[in-house]
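Good morning, and thank you for joining this group meeting.

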Amino acid sequence: MKTSRKCRAMLAVGLNSVALVFSTTAFITTYWCEGTQKVPKPNCDKETKLNCINFNSTTATPNISKPNQVHYSWDTGDEKFVFRYFHTGIWYSCEENLNGIGEKCRKFIDLAPASERSVLWLSVISEVLYIVLLVVGFSLMCLELFHSNNVIDGLKLNAFAAVFTVLSGLLGMVAHVMYTQVFQVTVSLGPEDWRPDSWDYGWSFCLAWGSFTCCMAASVTTLNSYTKTVVEFRHKRKLFEQSLREEQMFVDREAVNYFRERSVQSVSSSVEVFADPTTRTIKSLMPETSLDLSEIPEVLGDDQC
């Protein structure tokens with residue numbers, strides 16, 4: 001029993017630790033959603049020579065000193081646009097820098113519509129509480145696993161860890177759903193220079209929901225361990241009470257038989273003791289020589305005469 005209980009506790013601790021790592025990683029990274037944005041090509045210059053519009057002139061750049069000069073471009077239709085890679089998280093949205101090296105990042109809350117910013121803040125608060133409750137549940141599980149020698153204290157810690165883990169899982173689910181809703185609204189109503197042409201969920205989003213799955217698995221494992229331990233204790237208690245009851249009944253039966261035999265023996269000895277003097281008394285009352293009945297009339301006759 002102790003070994004199986006310890007194995008279940010170790011499994012719950014492992015699942016909770018995985019959920020904690022996944023949730024923290026997803027919270028601080030910016031790959032919840034990623035895709036491409038359709039933006040106009042920039043003008044070609046000395047620094048930008050790829051994915052740009054090259055005007056038909058003797059130089060790579062137009063001569064801005066002659067505003068009346070007409071410049072021609074052979075790019076038509078989609079050739080005037082370029083697809084820029086972007087990725088977005090809870091805090092920032094970063095897109096590829098077409099004019100240089102690296103990325104350009106903006107705060108995601110500045111991109112979200114004003115009507116959705118309160119929902120985004122609720123999502124952030126829920127994510128923080130989700131991680132905090134995961135830490136609390138993880139601490140209680142470790143305390144129950146390594147520092148609890150008393151089974152009753154271990155059951156109490158197990159119950160509290162299960163409650164905190166379940167609450168954290170529910171908060172995490174709510175936070176993920178709210179962020180997904182805010183992002184979808186931002187895709188439709190966000191700034192025109194940011195709206196994606198195509199997008200999909202990234203690995204941070206997968207880590208977030210993987211964290212939720214591990215969290216709920218840890219809570220189920222902890223509740224299972226608690227329930228199974230309680231059932232085992234009740235079963236053992238029932239067996240103990242049943243064996244105690246049977247032992248008591250056996251002792252009572254033996255006592256009854258013992259006193260019954262003692263009472264029968266005492267009664268039989270009493271009968272034997274009182275039976276002998278009575279017999280002797282009766283015998284002593286009887287004469288040793290018997291009378292002859294034929295002599296009685298003769299005596300009576302002489303008296304009458």
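**Cysteines and a surface patch**

Please note that the model is predicted. Val174 belongs to helix α4, which covers residues 151–189. Together with Val163, Leu167, Leu170, Met173 and Val177, Val174 makes a nonpolar surface patch of about 470 Å².

I now turn to the cysteines. As a reminder, a disulfide is a covalent bond between the sulfur atoms of two cysteines. How many disulfides does a search of the whole structure find? The search finds one. Cys94 and Cys105 are its partners, with an S to S distance of 1.9 Å. The link of Cys94 and Cys105 is right-handed, with 105° about the S-S bond. This pair links distant parts of the chain, for the two cysteines are 11 residues apart. Cys94 sits in strand β3, residues 92–96, while Cys105 sits in strand β4, residues 103–107.

Are these two partners buried or exposed, or in between? Cys94 counts as buried, because its relative accessibility is 5%. Cys105, by contrast, has a relative accessible area of 41% and is therefore partly exposed.

Let us consider Cys214 next. Cys214 takes part in no disulfide. Its nearest cysteine sulfur belongs to Cys215 and is 8.8 Å away, whereas a disulfide requires the sulfur atoms to be within 2.5 Å. Cys214 has 16% relative accessibility and so counts as buried. Finally, Cys7 counts as partly exposed, because its relative accessibility is 47%.

Technical notes:
Residues numbered from 1 in each chain as written. Predicted model: local features only at pLDDT ≥ 70, side-chain atom pairs only at ≥ 80, totals over all residues. Heavy atoms only, no water. Helix = DSSP H or I, 4+ residues; strand = E, 2+ residues; numbered from the N terminus. Buried < 20%, exposed > 50% of the residue type's maximum accessible area, 1.4 Å probe, protein only. Patch = residues over 30% accessible without salt bridge, like charges linked within 9 Å, V, L, I, M, F, W, Y side chains within 5 Å. Areas by Shrake-Rupley, 256 points an atom, 1.4 Å probe, with all protein chains shown as cover. Salt bridge = Lys/Arg side-chain N within 4 Å of Asp/Glu carboxyl O.
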